[in-house]
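Reader: I am new to reading protein structures. Could you take me through one, feature by feature?

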Amino acid sequence: TRYDAAGIESMAKELGLAVVSRTGREEDGGPNIRLSSAKGGEFGAFGVSCSGDGAARKCDGIQLVASFDAPADAAETAIYIDEVNATFSVTKMVQLENRLSLSRYLIMDNGVSRGNLLVNLQIFEEVLGYVVEAFPG
């Protein structure tokens, strides 16, 4: 199954995530849904590789991304990034200038079940909760 904004929002609400905002991205019209977790933090769910028009627009991928201001201490930041990446192989943390970015890309080519996508959203929320709690900033 391919997903649209309404499907992603429905699953997010089922997991208890709050929808903060919903927009379309200019470059490809994919959905950009900002979600908030009771476990701490906000993240974006961005539809990727989308096709179709209007209500028929569906996506073959979802990028989950949370970003944070990087701590001023470069050595502490490097240790923190290494710790997150070593602990959680399902996500990737990188530093982009003065920001840290935690991400997970979900490939849905040829379909992914709703149950599988729910688990992936839940895993990202759990990792984000840990990252927010352990954040050195």
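**The core, the sheet and the links**

Author: Start with the inside. This is a predicted model. Its largest nonpolar core has 32 residues, and Met 93 and Leu 102 touch the most other members.

Reader: Which helices and strands supply at least two residues each of this core?

Author: They are H1, S2, S3, S4, H2, S6 and H3. The largest share, seven residues, comes from H3.

Reader: What does Leu 102 touch?

Author: Leave aside residues up to four places away in sequence. Then Leu 102 touches Leu 64, Val 65, Ala 66 and Phe 68, among others. Its contacts also include Val 84, Met 93, Phe 124, Val 127, Leu 128 and Val 131.

Reader: Let me follow one of those. Where does Leu 64 lie, and is Leu 64 buried or exposed?

Author: Leu 64 lies in strand S4. Its relative accessible area is 0%, so Leu 64 is buried. Buried means under 20%.

Reader: Which residues does Leu 64 touch?

Author: Again, skip residues up to four places away in sequence. Among the contacts of Leu 64 are Phe 43, Gly 44, Ala 45, Leu 102, Leu 106, Leu 121 and Phe 124. Here is a distance to find on the model. The C-alpha atoms of Leu 64 and Glu 125 are separated by 9.7 Å, while the two residues are 61 apart along the chain.

Reader: Now the sheet. How do I read one?

Author: Strands of a sheet pair through backbone hydrogen bonds, either parallel or antiparallel.

Reader: How many bridges join S1 to strand S2?

Author: Six, and the two strands run antiparallel. S2 covers residues 31-36.

Reader: Let us turn to links between side chains. How many disulfides are found in the whole structure?

Author: One. Cys 50 and Cys 59 form it, with sulfur atoms 2.1 Å apart. The torsion about their S-S bond is about 95 degrees, so the disulfide is right-handed.

Reader: Are Cys 50 and Cys 59 buried or exposed?

Author: Cys 50 is buried, at 14% relative accessible area. Cys 59 is buried too, at 1%.

Reader: How many salt bridges does the structure hold?

Author: Six. One of them joins Lys 58 and Asp 4, whose closest N and O atoms are 3.1 Å apart. This pair links distant parts of the chain: Lys 58 is in strand S4 (residues 58-69), and Asp 4 is in the segment before helix H1 (5-14), 54 residues apart. Lys 58 is partly exposed at 26%. Asp 4 counts as buried at 19%.

Reader: Which residue meets Arg 99 in a salt bridge?

Author: Asp 69, at 2.4 Å from N to O. Arg 99 lies in strand S6 (residues 99-107) and Asp 69 in strand S4, so the pair ties together parts that are 30 residues apart in sequence. Arg 99 counts as partly exposed at 34% relative accessibility. Asp 69, at 52%, counts as exposed.

Reader: Which residue forms a salt bridge with Glu 42?

Author: Arg 34, with the closest N and O atoms 3.5 Å apart. Glu 42 is partly exposed at 34%. Arg 34 is partly exposed at 25%.

Methods
Residues numbered from 1 in each chain as written. Predicted model: local features only at pLDDT ≥ 70, side-chain atom pairs only at ≥ 80, totals over all residues. Heavy atoms only, no water. Disulfide = S-S within 2.5 Å. Buried < 20%, exposed > 50% of the residue type's maximum accessible area, 1.4 Å probe, protein only. Salt bridge = Lys/Arg side-chain N within 4 Å of Asp/Glu carboxyl O. Helix = DSSP H or I, 4+ residues; strand = E, 2+ residues; numbered from the N terminus. Pairing = 2+ DSSP bridges. Core = buried A, V, L, I, M, F, W, Y, C linked by side-chain atoms within 4.5 Å. Contact = heavy atoms within 4.5 Å.
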